[in-house]
Amino acid sequence: MTKPILSTIHSPADIKALPEKDLPQLAQEVRDELIRVLSDENPTSVGGHLGPNLGVVELTIAMHRVFDTPKDKFIFDVSHQGYVHKLFTGRRERFETMRQYEGLNGFLLRTESEHDCYGAGHAGTALSAALGMAVGRDLRGSDENIVCVAGDAAFTCGVSYEALNNVAHSTKRFIVVLNDNEWSIAKNVGAIAHYFNKIATHPTYAHLHEKAAHFVEMLGGKFAKDFAAKIEAGVKNLLAPSVMFEDLGLRYYGPIDGHDIALLTRTFEFLKTQNEPVLLHILTQKGKGYAPALEQPDKFHGLGKFEPKTGKTAPTSTPTYSELFGKTLAKFADTNNKIVAITGAMPTGTGLVHFAKAHPNKYFDVGIAEEHAALFACGLAVEGFKPFLAIYSTFMQRAYDMIIP
Ligand SMILES: Cc1ncc(C[n+]2csc(CCOP(=O)(O)OP(=O)(O)O)c2C)c(N)n1
């Protein structure tokens with residue numbers, strides 16, 4: 001019988017000490033633990049963000065293999081995908097208390113661990129915060145690495161572009177990981193999602209990836225630079241003219257398989273030697289390794305406790321307020337063709353998923369773009385429509401200025 005590994009991990013140093021051959025087993029044990037703790041196998045479970053965390057297991061292992069928190073800084077966008085990082089940074093024994101009273105916080109929290117340099121719960125905040133830390137480091141003259149992990153949906157947020165507008169002239173050492181799983185909470189939408197998809201499905205990508213994996217097998221760490229240069233050359237020749245990040249002053253690498261620990265590790269080893277801002281585009285699967293989450297990424301983005309074998313959640317006897325709202329609005333729109341509905345990437349949470357089914361032409365998911373959503377609604381109102389803009393109050397904060405422009 002193989003010896004358990006996760007129970008021997010007390011700090012990132014233990015991850016670094018593991019032989020490479022043990023890492024797939026560690027990844028599997030992390031997945032098993034995520035499912036166990038968030039499901040009803042844990043008697044106190046209140047659920048949590050399962051899908052996003054299952055998708056970043058290999059990424060988080062590779063980051064802790066290469067970088068040294070708390071000296072190096074990890075900034076996770078939204079930070080709902082930080083559970084694996086918590087498991088590796090001294091919080092494994094309290095993991096069963098996730099999101100419970102006096103338990104672990106469901107997001108990163110500066111007061112919870114020295115390994116959490118930045119807490120967040122709102123999307124699109126990582127790049128700007130990370131850039132501030134990079135500039136702080138440069139002003140101080142220290143040499144830590146700043147690694148920012150942002151999902152594909154973070155790039156539907158305007159603020160991410162405000163950060164990108166400032167990176168190239170502000171610092172030379174800045175690592176952005178674009179964790180592209182094609183999902184926001186619902187399927188990611190809009191021109192940017194389409195653009196990432198175009199890169200990921202480029203006909204030469206599959207071939208390039210096979211080659212990259214082969215390089216990793218053949219070459220050891222000291223050749224990582226060579227290897228990455230080959231990836232870069234290959235990708236650049238094929239994709240660079242269309243890679244917007246390059247035009248904004250960030251060297252673009254990828255797309256690479258975000259579940260290949262060896263490839264991620266070698267790539268990070270290389271990226272941390274770079275003296276220019278870089279963006280690594282990785283492709284991951286939300287819910288990786290757990291069939292129910294792969295089948296329903298939307299439901300498993302974040303959920304209450306569930307039955308681990310089937311993924312089933314307890315049926316609710318009463319409809320939610322959001323559900324009633326979405327269905328009622330759809331009913332009104334049956335007889336009033338001026339009604340239109342807008343969500344900022346939250347069709348299920350707001351109940352508008354029901355409106356979308358009934359009136360797809362009058363329904364707009366604008367991405368995580370609350371500011372745009374509010375002004376977009378203003379424009380529709382000017383044209384005589386009756387826009388219903390459904391946004392959780394906490395996410396509305398960033399759009400107040402747009403309500404009274
Ligand atoms: C300003 C704001 N609006 C909406 C949300 C709700 N929300 C939480 S996570 C998420 C999707 C995040 O998708 P992505 O960044 O791609 O990460 P993934 O979960 O796919 O890893 C949304 C819309 C939020 N956190 N912040």
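**Pockets, ligand and backbone**

Q: How do the lining residues of the second largest pocket divide by class?
A: Ala, Val, Leu, Ile, Met, Phe, Trp, Tyr, Cys and Pro count as nonpolar, Asp, Glu, Lys and Arg as charged, and the others, Gly among them, as polar. On that basis the lining of the second largest pocket has three charged, five nonpolar and five polar residues.

Q: What pLDDT do local features need in this model?
A: Residues are numbered from 1 along each chain as its sequence is written, and side-chain values use heavy atoms, without hydrogens or water. The model is predicted: totals for chains, interfaces and linings use all residues, side-chain atom pairs count only at pLDDT 80 or more, and local features need pLDDT of at least 70.

Q: How much space lies in the second largest pocket, and which residues are closest to its centre?
A: A pocket is an open set of points on a 1 Å grid over the protein atoms alone, with protein on both sides within 12 Å along at least five of seven lines; a cavity is a set where a 1.4 Å probe fits but cannot get out, and lining residues have an atom within 4 Å of a point. The second largest pocket holds about 200 Å³. Of its 13 lining residues, the closest to the centre are Asp180, Asn181, Glu182, Thr284 and Gln285.

Q: Which residues are closest to the centre of the largest pocket?
A: A volume is the space filled by probe spheres set on grid points, joined across faces, edges and corners. The largest pocket has about 1400 Å³ of space. Its lining counts 50 residues, and the closest to the centre are Ile185, Asp298, Gly302, Thr348 and Gly349.

Q: Which helix gives the most to the lining of the largest pocket?
A: Helices (H or I, at least four residues) and strands (E, at least two) are DSSP runs numbered from the N terminus. At least two lining residues come from each of H14 (297-301), H15 (321-335), H16 (347-350), H17 (352-358) and H19 (393-396). With three residues, the one that gives the most is H14.

Q: Which classes make up the lining of the largest pocket?
A: Nine of its residues are charged. The rest of the lining divides into 18 nonpolar and 23 polar.

Q: What is the volume of the largest cavity?
A: The model has three cavities of 30 Å³ or more. Residues including Arg137, Asn145, Phe174 and Glu276 line the largest cavity. By class, that lining has four charged, four nonpolar and two polar residues. The volume of the largest cavity is about 50 Å³.

Q: How far is a polar side-chain atom of Lys286 from an oxygen atom of the ligand?
A: A polar contact is a pair of N or O atoms within 3.5 Å; within protein, one must be able to donate a hydrogen and the other to accept it, and sequence neighbours count only if both atoms are side-chain atoms. A polar backbone atom of Gly121 is 3.0 Å from a ligand nitrogen. For Ala123, a backbone N or O atom lies 2.9 Å from a ligand nitrogen. For the Lys286 side chain and the ligand oxygen, the distance is 2.8 Å.

Q: Where does Pro255 lie?
A: The peptide bond from Gly254 to Pro255 is cis, with omega near 0°. Most peptide bonds are trans. Pro255 lies in strand S4 (residues 251-257).

Q: In which loop is Pro70 found?
A: The bond from Thr69 to Pro70 is cis, with omega near 5°. Pro70 sits in the loop between helix H4 (57-66) and strand S1 (73-76).

Q: What is the phi of Glu102?
A: Glu102 lies in the loop between helix H5 (83-88) and helix H6 (126-140). Most residues other than glycine have a negative phi. Glu102 is not a glycine, yet its phi is positive, about 65°.
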